[in-house]
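Try each task before you read its solution.

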Amino acid sequence: MTALAEEARREPASAWPGLPDEVLQHILFYVSPSDLLSNVQCTSKRFCRLASEPLLWRHHCQVRFTYWDSKHRIRQKFTGNVGDVDWKTLYMHRKRVEAETATILDSIIEGQVDRIQKFKMIADFGYDAKDTLLNHCRVSETAEDVLARRYYANAVLDHVHRSKALAEWKKLLRGEPVPLERALGSFDLFVLHDQHGDLLEISEIFDDLASTLRAEHPYLGQLSTRKKALTVVRYLRHRNLTGLSTELAYRDLQNTFIGIALQDQEHPSLPLISVAIFCVLAQRIGIDARCCGIPNHVHAMVFSPNDETLDGLPVLPGSAQSDPMYLDPYRSEEEVPIQSLRRMLSEWGLQPSQHAEYLGDSSTPNVILRTSRNILATVHDFRAHHGNAENTGHPTIRLHANPFADLDNAFYAALWANYIFGNPFRRSEGTTQSQFIPLILERFERLYPMDASLIEQHIVPSYNNPTNAQHWELREALRVVRAADQTPKQLRLRNTRAAQEGVKYKVGQVFRHRRYAYTAVITGWDIECGMDSDWISINHVDSLARGRHQSFYHALVEDTSIRYVAEENIEIIEPEIPVSLMSLAGRFFKRWDRENRMFVSNIRDEYPED
């Protein structure tokens, strides 16, 4: 716009003023917002007025930003009267959030202190920060700190997503209406990272499916409820939107996420997710469809309207409401007779008096709990089979990022779901709500220290009794994590003879463990074993050839764990690119140095000479 302003100054005095407002307004739509603010509106009173038109700034809000925090109610604003919103101020608010988010993220990357508070500062912006974080998640490979920037932008975004997911579940817990796709889509938020498939995007996919369904069946509204339901299930199955291509893949982790099922080319889903997809789509065309509480294999239930039967016949006064119809979208496009379900329940040893309980509809919280149990079962199976990222057996972890990180994230989601929706007092299937707190805390301390604010918001208030042992457990865990986050790292220098002679390897070098064969990268070192005597005894350190009096190294392993490794067990390797470590290494490193075949440290406040 600088050139435009200069041209305006060179034109005869009558040129620009002679143009109608409508023409100038149209021209200004092609001017960048920054030039509008810094140049155009300063040119004259007329340009100041034209450059402040609400229609112009609504346009820039629409095209410049994709994600908005829910507090803005942006959908209603975009479809409402343009003059009812101060669009220019709203745009400037978003630009301020963008600048502050970028500044805070830079600070997180540059130093290891006070990261918890900085994460919360960005999370407080809500989804107003998401566009900026996504830009940093996808920073160019040529960036000086590409790995660190991508890692921490994703970590902050993951924290924002978890905050959103927990907020959705807490609304449901309070009895507020939460659509089924949002309740289940909250699991996706724990593993989403920078991918497409947010709650709004999942809803939009269903909106598009409903529109296509109506377009393909223009007389859908004239059908009976039974025929409508069968049309929906056949529509989904013909598009492979339910079920699995092979039962061998039943326990694959991706099958438990509704967002992945909708977007993946193969659309894999367990019975529960298949039923949820049917119910959500059916509800969009006016069918009362719900998940049924049958054990082991979830079915769908379809209820008739109050004034007619499933076949569209009027209900006579005094007549009982007709029974619902049952469907199994996972493996069939036909109606399932209720007699078949009763026979199945009897074969499982259930008495006829118990059938009504299992043939009734299941609440959304129960659907969430069943989903969480599916996730926990997959995690258990995967770990029991000593799964790794390269094997071809089942179950597999095929989500969005490092498979081991995704496994951790999915497990964390299941723990939170069980905590929020578990009964705090009554034992259910051998567990209580409080039993999940130590499991959440263990992962919080090891993997998710940035979630301190979520622990304080969602767990601490329920255990705010000093006489309760869990009160002290929670407080101590938070105190330890916050203290570690707020304490500057101790400098580890190589200026002593012991360090110069005893520490052979450097931070950033990649190695293979001589005994266990895993690949890892060195993130720190001690001149000799720094663990206590119990750890030394448990890990048989003194049985090593060089015992405890050799250098030991902290290492980030490809399975996301942090190990402590004796120098004699390290075999340095120099891969062209250590693929299995690339998405994890940003926690400690700026980038991969292809020339020297090692990572470039981002923790020089702790190891300045490495």
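**Exercise 1. Find the volume of the second largest cavity, then list its lining.**

Step 1: the volume comes to about 30 Å³ for the second largest cavity. Volume here is the space filled by probe spheres set on grid points, which are joined across faces, edges and corners.
Step 2: the lining consists of L272, C291, C292, V298, S362, V367 and R370. A cavity is a set of points on a 1 Å grid over the protein atoms alone where a 1.4 Å probe fits but cannot get out, and lining residues have an atom within 4 Å of a point.
Step 3: across the whole structure, the search returns two cavities of 30 Å³ or more.

A word on the source: this is a predicted model, in which local features need pLDDT of at least 70 and side-chain atom pairs count only at pLDDT 80 or more, while totals for chains, interfaces and linings use all residues. Residues are numbered from 1 along each chain as its sequence is written, and side-chain values use heavy atoms, with hydrogens and water left out.

**Exercise 2. Describe the overall build of the protein.**

Step 1: along the principal axes, the C-alpha atoms fill a box of roughly 95 × 90 × 50 Å.
Step 2: note the domains, 202-362 for domain 1, 431-486 for domain 2 and 497-601 for domain 3, with bounds from an automatic or database domain assignment. The C-alpha centres of domain 1 and domain 2 lie 39 Å apart.

**Exercise 3. Work out which strands stand at the edges of the open four-stranded sheet, and why one side of each is left without a neighbour.**

Step 1: the strand order is β1-β2-β3-β4, with antiparallel pairing; two strands pair if DSSP finds at least two bridges between them.
Step 2: β1 (288-291) and β4 (335-336) are the edge strands; each has a single partner strand, so one of its sides has no neighbour in the sheet.
Step 3: β4 is joined to β3 (residues 325-327) by two bridges, and L327 has E335 as its bridge partner in β4.

**Exercise 4. Is helix α19 mostly covered or mostly open?**

Step 1: α19 spans residues 403-421 and reaches 27 Å from its first C-alpha to its last, close to the 27 Å expected. The expected span is 1.5 Å times one less than the number of residues.
Step 2: the helix is mostly covered, with 19 of its 19 residues buried. Buried means under 20% relative accessible area, exposed over 50%, and partly exposed in between (1.4 Å probe, protein chains only). For the protein of 610 residues, 51% count as buried.
Step 3: at the start of α19, a side-chain oxygen of N402 comes to within 2.8 Å of the backbone nitrogen of F404.

**Exercise 5. Place T142 in the fold, and then look at R591.**

Step 1: T142 sits in the loop between α9 (130-137) and α10 (146-173), and counts as exposed at 72% relative accessibility.
Step 2: T142 and R591 are 449 residues apart in sequence, yet 9.3 Å apart in space, C-alpha to C-alpha.
Step 3: R591 has V600 as its bridge partner in β11. Strands β10 (residues 589-593) and β11 (residues 598-601) pair antiparallel over four bridges.
Step 4: between the strands of this hairpin lie four residues, and R597 takes a positive phi near 55 degrees.

Key:
A polar contact is a pair of N or O atoms within 3.5 Å; within protein, one must be able to donate a hydrogen and the other to accept it, and residues adjacent in sequence count only if both atoms are side-chain atoms. On a 1 Å grid over the protein atoms alone, a cavity is a set of points where a 1.4 Å probe fits but cannot get out, and a pocket is an open set with protein on both sides within 12 Å along at least five of seven lines; lining residues have an atom within 4 Å of a point.
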